[in-house]
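I opened this entry to keep track of what I looked up, residue by residue, and of the cut-offs behind each term.

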Amino acid sequence: MYINIKNANYGIATTTYADYVAISNPDFIPYDIASSSIHHTGSINCFKYSIGLDEHVLFDTLYRPITPVDILITTETSSVLNTETSVELAIDSGNTIELANLFGESLDLFNTTLVVGCPNYLQQISIGNTIIQNSGSMVYVFDIGLVNSTSSYSQLLQSIPNSSSVSNSFGTSVSINNNWLAVGCPLQNNSSGSVFLYQKVSGSWNLYQEISSSISVPNALFGYSLKLNKDKNTSSGRFVVGCGNPAIGNAFFFEFDGIKWNLTYTFTPTYNTYPLTFGDYIPYNITRNITSSFGYSVSTYGDSVIIGE
């Protein structure tokens, strides 16, 4: 039995589309009454607007699914979990315990499809007297718009395993539009960063292209933020990517040419300089140019791009 005793980062990631709103709490901590232990595991609250009540009503709470994909990652390096029987035992017998995860670190909605990033998780697997700890990162795709005669509920459609060469940060940022899904992995390539583009084909999300940072320096953290353009009146093949390193100070605009995604524009920050008049914006360091947190958050819609600092 679990009870919620802390909501430290509730709302750290939010997304909305039509009548739906999803709010994450990646540091949700359920308290296990039976074992008197605390595990850091994320949760997501899903709301839908009610015309009758004139407010958004909570209809589901999501937690990180424990799927065979998680356990199969361990089988590659463990001689203990090397059979399909062991995999099923670890899941079906409840021998897998979530110790920590960042489920809900990133979110995005398109229609009723909710994409959730989990850039890091740690779980403990018990097989007999053997205990193994397994860590990694994952992206999950849910349909939160399923409705039956009495209630709404959510269904896991697909678990997308880590496509990068590093064990975590895959899913730090996510964005979805129509049949495209973008996933940021800022620790890829010596932390210079990468973005993975997936295309939905016959109901399944398949890796289409990896885009590496054009800034070939360590710790650029390319992919820390990203956003696909969802405007139906403009080309759907557009997205913007930001870096998480404040020393970089760039954001990048990509467009799809029908075959691949290409970098078409690089944004750099501009600031007011002296002389200033009353009412002007004054940055905290008036002398800086590129050294900033420019690109720490990004968004795009139609022909507009917004870049946060």
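**Strand residues and cores**

I looked up Thr 113 and found it in strand 10, residues 113-127; helices (H or I, at least four residues) and strands (E, at least two) are DSSP runs, numbered from the N terminus. The model is predicted, so local features need pLDDT of at least 70 and side-chain atom pairs count only at pLDDT 80 or more, while totals for chains, interfaces and linings use all residues. Residues are numbered from 1 along each chain as its sequence is written, and side-chain values use heavy atoms, with hydrogens and water left out.

Is Thr 113 buried or exposed? I noted it as buried, because its relative accessible area is 16% (buried is under 20%, exposed over 50%, partly exposed in between, with a 1.4 Å probe and protein chains only). Leaving aside neighbours within four places in sequence, Thr 113 is in contact (heavy atoms within 4.5 Å) with Asp 108, Val 141, Phe 142 and Ile 176.

I then turned to the largest nonpolar core, which has 33 residues, with Ile 44, Leu 114 and Leu 181 having the most contacts inside it; such a core is a set of buried Ala, Val, Leu, Ile, Met, Phe, Trp, Tyr and Cys residues joined through side-chain atoms within 4.5 Å. Strand 11 (residues 130-147) supplies the largest share of this core, six residues. A second, separate core of 17 residues includes Ala 182, Leu 197, Cys 243 and Phe 254.

Last, I checked Leu 156, which sits in strand 12, residues 152-161, and is partly exposed, because its relative accessible area is 30%. Its C-alpha lies 7.3 Å from that of Tyr 140, although Leu 156 and Tyr 140 are 16 residues apart in sequence.
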